[in-house]
Amino acid sequence: MAEKILKNMNEDFLVCSICMNQFKTPKMLPCIHSFCEGCLEKYSEKQDDKTKIPCPTCRKVCQLPEKGVEGLQTNFHLNNLAERMNVLEAVTSKGNTAAAVCQSCQSPNIVSFCTDCKFAFCTKCQDHHTIYESLKNHNIIPVTRMNDPEFQEECKTSESPYCILHTSEKLHFYCKTCSKLICYHCAIVVHSKHECTEVQNQFESSRNVLREQLEECKGHLENMIKMANRGETAVKVMEANNTKVTMKIEVHCKYMMKEMEKALLERKAIMIKEIEEKPTNVRERIQKAKEFIESIKDVQTMSQEILEQNNPWGIIAMSNDLDNAISELKRESSSLNSLDGGLNHRVHFTPSRQVPVAYLGSCRIDSSKPAAFGFASFHSSESDSD
C-alpha cells in the first residue's frame, strides 16, 4: 500500500542524503534541498561560521535564520509523505490489514486509524478513544478506506500540521506579514497586528503563484539547456579547428627546425598551449551552466511534487521559499547569460620563413559579436584556417 503512494517518486525521495534514513522533521534550505533537522544541526556545528551553512547537495552557501537550523522552514510536503507512508506500513503488513494489531491493546483485527495520534485501534479501543473531550475532534477513519484513492486525496487537504508553540493547535491561519503558517493562539497573540488570513483563503493564491513560477522556470530551463548544447558544439568545433591549426604548426616547425631546433620546439609548445586554453575556459563555463540546470530541475521537481500532492499547508508554507529560490535562480540566469561572450573564437596560424624563434609564427584569435542568447555559432571555412 505504501508503494502506491510513492509510485511516482524516486526510491530515495524520502531519504535524507546525510544519514541515509527516512526524513525526521525535514528542514528545507533556501536552495530547496531538505535534510533531517538533527542532521543539519550536527552538520552546522562543524562549520566555522555558525550563521551560514553550505548545502550538502549543491554546496550553495545558505544563510541561517536567527534560530539557526530550528528556524528553517519545515518541509511539510516531505513530512506528510513520510508520515502517510509510515501510517500505511503500521496499519498493514504487506497489504494485509488482518496481520496488523491494535496499537493500544495489541489485539488483532484493527478497524480504524486516528490520523492525529497516528494509532491503529480495535473496536473497543476506538470507542474509548472518543470518550475524552480533548480527543473528540480527532479524525478517525476505517482501515478499509486506507487504500481508497478518494480518501488519500482527502488526506492531502485535511491533515493540517500542528503549531510548534501550541502543540494542540493546528495551523489554520497564514500570516502574510511574516509569510508563515500560524495557529489560532499565534494569530491573536503574536501576530495580532499583522495581516492574517485563513489557510483556505491563502491556498488558491499561493498555488497560483507557484504555478506561474513553475511555468516561468520551464522557460529558463529550456534556454539554459539550449545554451549548454550550443556550448558543447562550440567546443567540438574549436577543438577540430585547433587540431587543424596544430598540424600546420607542426609542418612549419619542421621546416625551420634545421636552423633553431631547440628554440623552435619551445616556441611551438607555447603556441599550442595558448590555443588549447580556450576550450578549457569554455568547459568551465559549460559546467556552471550544467550546475544551474540541476538547480532549476531540483526546484522544478520540488514544485511539481508539491502541486501534485495538492496539500494546502505544504504549498503555502513553501511557496515563499520556492519563490525566493526561483527568483535567485533567475538572477543567476541573468549572470550566466554572459557566458555567451568569447565563444566564437577561431585560431589562425600565420607562418613565417624567418629563422628567429619569434618569427615561427603567431596565433590570432578571431572573435565575433556573440548572439543575443546562448553561444554564438561558429562558421568554418578553409580561408579562415589558412
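Predicted model: local features only at pLDDT ≥ 70, side-chain atom pairs only at ≥ 80, totals over all residues.

Trainee: Which rings, and is the pair stacked or tilted?

Mentor: Phenylalanine 173 and tyrosine 184. Their planes are at 45° and their ring centres 6.4 Å apart, so the pair is tilted. Stacked would need planes under 30 degrees apart.

Trainee: OK, switching to the inside. Which residues touch the most other members of the largest nonpolar core?

Mentor: Ile32, Leu171, Leu181, Val299, Ile306 and Leu322, out of 38 residues in that core. Strand 9, strand 10 (180–182), helix 6, helix 7 (199–309) and helix 8 (312–336) each give two or more residues to it.

Trainee: Where does the largest share come from?

Mentor: Helix 7, with 17 residues of this core.

Trainee: Take leucine 322 from that list. What is leucine 322 in contact with, beyond its neighbours within four places in sequence?

Mentor: Ile32, Leu210, Val299, Met302, Ser303 and Ile306.

Trainee: What else is there by way of cores?

Mentor: A second, separate core of 19 residues, with Phe13, Leu14, Phe23 and Phe35 among them.

Trainee: Now valine 15. Where is its place?

Mentor: Valine 15 is in the loop between helix 1 (2–5) and strand 1 (26–28). It is partly exposed, with a relative accessible area of 24%; buried would have to be under 20%.

Trainee: What does valine 15 touch, leaving out residues up to four places away?

Mentor: Met20, Asn21, Gln22 and Phe23. As for leucine 78, its C-alpha is 9.7 Å from that of valine 15, and the two are 63 residues apart in sequence.

Trainee: Which residues line the second largest cavity?

Mentor: Cys217, His220, Ile296, Ile326, Leu329 and Lys330. Helix 7 and helix 8 are the elements that give two or more residues to that lining.

Trainee: How do the residues of that lining divide between nonpolar, polar and charged?

Mentor: Four are nonpolar, one is polar and one is charged.

Conventions:
Residues numbered from 1 in each chain as written. Heavy atoms only, no water. Phe/Tyr/Trp six-rings, centres within 6.5 Å; stacked < 30°, edge-to-face > 60°. Core = buried A, V, L, I, M, F, W, Y, C linked by side-chain atoms within 4.5 Å. Buried < 20%, exposed > 50% of the residue type's maximum accessible area, 1.4 Å probe, protein only. Helix = DSSP H or I, 4+ residues; strand = E, 2+ residues; numbered from the N terminus. Contact = heavy atoms within 4.5 Å. 1 Å grid on protein atoms, 1.4 Å probe; cavity = no way out; pocket = protein on both sides within 12 Å on 5 of 7 lines; lining within 4 Å. Nonpolar A, V, L, I, M, F, W, Y, C, P; charged D, E, K, R; others polar.
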